[in-house]
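This report describes selected local features of a predicted model. The sequence and the structure are shown first, and the description follows.

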Amino acid sequence: DWEKRAPKIVDTIRDLDTDVLSLVELDKYQDFFQPRLEQMGLDSVWTKRPRLSSHDGCAICWKRSKFELVAHESLTYKDDTTGQRKDRVALIVLLRFREASPQNQSTYLIFASTHLARNPESMKQNVIRLRQTAQLMLALKDFAKRHECESDVPAIIAGDMNAACLESMRAMAVAYFSLRVVEHAEPPPPLWIMKDVPTPSTSFTFLRRIRIDYLLHSEMFLAAEHVRSPKSDLALLGDEQDSQHAVIPDDIHPSDHLPVAVDFRYKTQEEVAQDCAHQFVVFLLTGDIPRPLFPHEIDAAFSYFSKDGSDMVSAEQLVEGTKRLGISDLTTEARIQLRDLLCTASPGLDASCTLATFYEALQSQLAHWPNENNDKPFILKAFDQMDSNGLRPASVQWVE
């Protein structure tokens with residue numbers, strides 16, 4: 001009953017009290033939600049799904065007192081090779097903080113809201129969701145590039161991904177962009193590697209109790225501090241035995257999805273440099289990270305070892321720096337290996353390296369990346385349209 005559910009949805013939005021909000025499957029935007037959001041101090045944008053029979057879409061809302069809108073655009077997913085099948089959308093905004101904070105490395109934020117293809121249990125639908133995910137990543141990359149915020153602006157993606165296992169989706173996206181890097185000599189989208197915030201189950205039906213709604217964020221810039229849920233949801237999220245027969249919406253929960261709120265903190269420059277140095281060391285020694293580092297991340301890694309800000313890092317600084325990283329399985333021999341790898345011109349304790357050396361060492365390792373991983377059979381199934389038992393660019397062009 002819409003008359004009963006509507007005020008409860010508004011109350012839930014008010015109780016969550018978030019700075020930025022994603023709403024999907026949202027209809028009645030102009031005549032009902034927009035004026036009520038404005039009364040709560042929230043500005044917003046909305047885009048409708050392309051299907052003529054559907055009146056819902058995605059909305060992004062933000063506190064007027066904290067942000068101003070710089071730019072926004074919508075994306076209509078193409079779900080087949082002809083581009084004729086269109087059913088879902090995404091919405092992207094670039095927001096600017098009204099007041100700069102010394103804690104924030106950036107005065108901007110990119111935020112995306114999306115609703116992917118239905119039926120999270122369906123492997124066939126997973127292929128469509130992959131297409132949509134790849135299109136969203138490319139749209140985010142182009143959006144950031146146009147607004148000159150590719151490397152220094154954090155991003156958050158929120159919405160109903162309809163994916164029971166987001167890791168498989170991410171693994172496929174990694175494989176796709178890896179091919180583009182090798183074949184087209186172009187950098188992958190700076191926003192493609194996002195960290196998933198572990199949140200509670202969000203969908204309760206007669207058949208399932210799963211999480212299909214996600215919040216992803218730029219791990220380089222943001223740290224998830226706390227996950228919040230409305231008090232009315234805590235009982236439902238508690239003991240699994242008590243909630244296994246729960247179905248929403250009900251008298252308490254006005255939506256068929258539970259909302260999730262996350263408190264984020266901007267990382268300090270020191271934290272960013274340490275994280276990049278950690279990834280740099282692990283990649284050079286093992287190749288065991290999802291993707292190579294971007295140029296600005298290599299710069300940050302170098303600054304971690306060069307504490308005095310000089311353009312040279314000594315072999316001793318490399319060894320001491322890796323100790324500070326706290327990589328538990330990094331042996332003395334491995335530290336020496338790292339030192340010699342970066343100081344090939346004159347290995348030894350008196351050797352030194354430059355930022356250019358960091359870049360050269362990284363390039364030498366790219367020939368051995370990506371490594372084998374447990375998701376390869378699933379990746380091949382989604383990408384290898386020719387049954388060639390390999391990932392070939394010609395077989396993945398349909399993703400775009």
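Arginine 228 is partly exposed, since its relative accessible area of 25% falls between the limit of under 20% for buried residues and that of over 50% for exposed ones. Arginine 228 belongs to strand E12, which spans residues 222-228.

In sequence, arginine 228 and leucine 16 are 212 residues apart, yet in this predicted model their C-alpha atoms are 8.2 Å apart in space. When residues up to four places away in sequence are not counted, arginine 228 touches Leu16, Asp17 and Thr18, and also Val260, Ala261 and Asp263.

## The sheet of E1, E3 and E2

Three strands, in the order E1-E3-E2, make up an open sheet in which the pairing is antiparallel. E1 and strand E2 (42-48) are the edge strands, each of them pairing on one side only, and the twist from one strand to the next averages 15°. In general, the strands of a sheet pair through backbone hydrogen bonds, in either a parallel or an antiparallel sense.

Between E2 and strand E3 (residues 57-63), which run antiparallel, there are seven bridges; threonine 47 has cysteine 58, in E3, opposite it. Helix H2 (29-39) lies across E1, E2 and E3, and its direction makes an angle of about 160° with E2.

## Helices H1 and H2

Helix H1 (residues 2-16) and H2 approach each other so that their axes come within 11 Å and cross at roughly 30°. This crossing angle makes H1 roughly parallel to H2, because angles under 35 degrees are counted in that class. H1 passes H2 in a right-handed crossing.

On the H1 side, the contact is made by Trp2, Ala6, Ile9, Val10 and Ile13, while H2 contributes Phe32, Phe33, Arg36 and Leu37. Sorted by class, the contact of H1 with H2 comprises eight nonpolar residues, no polar residues and one charged residue.

Glutamate 25, placed in strand E1 (residues 20-26), has a phi near 55°, which is a positive value in a residue other than glycine. With a relative accessible area of 36%, glutamate 25 is partly exposed.

Lysine 28, in the loop between E1 and helix H2 (29-39), likewise is not a glycine and has a positive phi of about 55°. The relative accessibility of lysine 28 is 37%, so this residue also counts as partly exposed.

## The parallel pair E6 and E7

Strand E6 (residues 108-115) and E7 pair in the parallel sense, and six bridges join them. Along this pairing, threonine 114 stands opposite glycine 159, a residue of E7. Strand E7 (residues 155-160) is mostly covered, with six of its six residues buried.

The peptide bond that joins isoleucine 248 and proline 249 is cis in the predicted model, with an omega of about 10°. Proline 249 is located in the loop that runs between helix H6 (240-243) and strand E13 (261-266).

Note on methods: Residues are numbered from 1 along each chain as its sequence is written. This is a predicted model: local features need pLDDT of at least 70, side-chain atom pairs count only at pLDDT 80 or more; totals for chains, interfaces and linings use all residues. Side-chain values use heavy atoms; hydrogens and water are left out. Helices (H or I, at least four residues) and strands (E, at least two) are DSSP runs, numbered from the N terminus. Buried means under 20% relative accessible area, exposed over 50%, partly exposed in between (1.4 Å probe, protein chains only). Two strands pair if DSSP finds at least two bridges between them. Axes are lines fitted to C-alpha atoms, for helices over the stretch in contact, and angles run from 0 to 180 degrees between N-to-C directions. Contact means heavy atoms within 4.5 Å. Angles under 35 degrees count as roughly parallel, over 145 as roughly antiparallel, 65 to 115 as roughly perpendicular and the rest as oblique. A crossing is left-handed if the near helix is turned anticlockwise from the far one by less than a right angle, and right-handed if clockwise. Ala, Val, Leu, Ile, Met, Phe, Trp, Tyr, Cys and Pro count as nonpolar, Asp, Glu, Lys and Arg as charged, and the others, Gly among them, as polar.
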